[in-house]
Amino acid sequence: MAVNLVNVENVSKVYGTRALLDGVSLGVSEGDRIGVVGRNGDGKTTLIRMLAKLEESDTGRVTHSGGLRLGVLTQHDSLDPEATVRHEVIRDMEDHEWAGNAKIRDVLTGLFGGLDMPGFPQGLDTVIGPLSGGERRRIALAKLLIEDQDLVVLDEPTNHLDVEGIAWLAQHLRERRSALVCVTHDRWFLDQVCTRMWDVQKGDVYEYEGGYTDYVFARAERERIAATEETKRQNLVRKELAWLRRGAPARTSKPRFRVEAANELIADVPPPRDTSELMKFASSRLGRTVFDLEDVTVQAGPKVLLKHITWHLGPGDRVGLVGVNGAGKTSLLRALADAARSDGDTQPAAGKVVVGKTVKLAYLSQEVAELKPTLRVLEAVQQVRERVDLGKGREMTAGQLCETFGFNKEKQWTPVGDLSGGERRRLQLLRLLMDEPNVLFLDEPTNDLDIETLTQLEDVLDGWPGSMIVISHDRFFVERTTDKVYALLGDATLRMLPRGIDEYLERRHRMEEVAAAAVPVVEKAVPAVSAADQRAAKKELQKIERQLDKVTEKEAKLHAQIADNATDFAKVAELDAQLRDLSTERDELELRWLELAEDA
């Protein structure tokens, strides 16, 4: 019989006048792998913080079994900025000691791409302070996973991980003996890892057996029987269930009679999108040419990311773009966007980009566009257009589209300055779609979006007639919204992958095996750097390190100014822009540092 690790008894938590949790009772036992889902702001993080005793409940109690070894990954790490990665992750273990530990080798390779931590300036001896939030988060996750625990509690562990990192983490957690409670919006990850689900909704927590697919089915069934949710939402859940049953391999662990019940529930739900009809409509809006790349080379500063690329993006093409971090995914989108905005006058480093004359591009970048903070949500959308044509005879008002994206009538009158990061992301998407583009570039569109908003976005995109390129580490979203997958494998090429992300992971694994086998040969073949070149490289490295120190000081001052002017939205926007400029400068300096490090 499984030992009970944590008991949550009749717990409530109120913020202001809102009850986030109301009389919730739950338990976590040995072997449990629990996924926690729900809308942003409904209390997922509060629930797991109380479960881990990081936050007190207003009523009720949380008890841990005696001697419980608990590991927690929160959204804000507690790493020592003065320490090195080695000190925080491996502590005082000797090199031969940790290198001989299979678990430590697996964690470092899975999260950082190798024991030497490529991408970090001094590898394990890199000081933590100057690192980005994503890098610090991976270090905190590595520190946690190397330890032995009875229960691991993770809040958004897939943030800042690429497709490979997420696949590795899923396998690692499946093989661990410790129990798991995990908040994440990554639905593929939930299906791979979890055996139970907690759905946090309006103060209650609903429990479901199985992974994400099972949860979608059970929720659709519950809503149909109870008839407590509006028809529109029922249809959306049923539509997602239809895609899970038809569009991808069946991932449910339910017995046969439940599978048959799921098929009956979706019998009248049409396929997610009529591809041939959308292609026909897209061709009428775009003509034959959208983007044609002829022998194109893409660079970031002096570094060549892609070379001799010949590629055709046609009307109605829906493309997912995956690849290792730094391979050039975002740089490729920017090169295409620059060519489109300049009517073809701005071209990449080499080759030619031909842009269709009727192309109307909308580009969702990773940075959230700044808007006047006093502007209301509805006003910000109406600034673009009052009504939008979504194709296939579907037309929506600004208010209706706001509701589709989770902004109810009350929320539509909230000032932009009061929105959370996820809500600003949703608003940015809304404004793009209201402008009726016929080509969409979406760079990490799922950042900060909860699962319900993601399904709403997918529903809107299902009927959207145009060409689309999606960059995302969210495998579920890529598979759900696109028809083809292209990969940047880090070798300056662009390849179509008929079997999608599974093929990408297989290719990357083979490349790593070949690279590992060839290391001794490569090391012998590397030409010696002259003493004069070494001295010059060291001198420039020292200069860059001084520049990086200055950038760090400036960033610290800007963060302090932002905190001091928290209520002055215009000032905060101005300071935030300066902070982004410094971040770009840091990236360029670090890239140059890495190039010089080999010579030095």
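# A guided look at hairpins, sheets and rings

Visitor: What makes K202 stand out in the hairpin of β8 and β9?

Guide: K202 takes a positive phi near 50 degrees in that hairpin, which has two residues between the strands. Before we go on, this is a predicted model, where local features need pLDDT of at least 70, side-chain atom pairs count only at pLDDT 80 or more, and totals for chains, interfaces and linings use all residues. Residues are numbered from 1 along each chain as its sequence is written, and side-chain values use heavy atoms, with hydrogens and water left out.

Visitor: How do you know that β8 and β9 pair?

Guide: Two strands pair if DSSP finds at least two bridges between them. Strand β8 (residues 196-201) and strand β9 (residues 204-209) run antiparallel and are joined by six bridges, so they pass that definition. One example is V200, whose bridge partner in β9 is V205. Strands here are DSSP runs (E, at least two residues), as helices are (H or I, at least four), numbered from the N terminus.

Visitor: Why are Y208 and Y215 called an edge-to-face pair?

Guide: Rings of Phe, Tyr and Trp (its six-membered ring) pair if their centres lie within 6.5 Å; planes under 30 degrees apart count as stacked, over 60 as edge-to-face and the rest as tilted. Y208 and Y215 are 5.2 Å apart centre to centre, with 75 degrees between the planes, so the label edge-to-face follows. The whole structure holds seven aromatic pairs, and ring pairs link Y208, Y212, Y215 and F476 into a cluster.

Visitor: What makes β2 and β4 edge strands?

Guide: Three strands form an open antiparallel sheet in the order β2-β1-β4. β2 (18-29) and β4 (59-64) each have a single partner strand, so one side of each is left without a neighbour in the sheet. The twist from one strand to the next averages 15 degrees. Strand β1 (residues 4-15) is joined to β4 by five bridges, and V8 has V62 as its bridge partner in β4.

Visitor: Why is α4 called roughly antiparallel to α6?

Guide: Axes are lines fitted to C-alpha atoms, for helices over the stretch in contact, and angles run from 0 to 180 degrees between N-to-C directions. Angles under 35 degrees count as roughly parallel, over 145 as roughly antiparallel, 65 to 115 as roughly perpendicular and the rest as oblique. Helix α4 (residues 102-112) and helix α6 (residues 163-175) pack at about 150 degrees, with their axes 8 Å apart. That makes α4 roughly antiparallel to α6.
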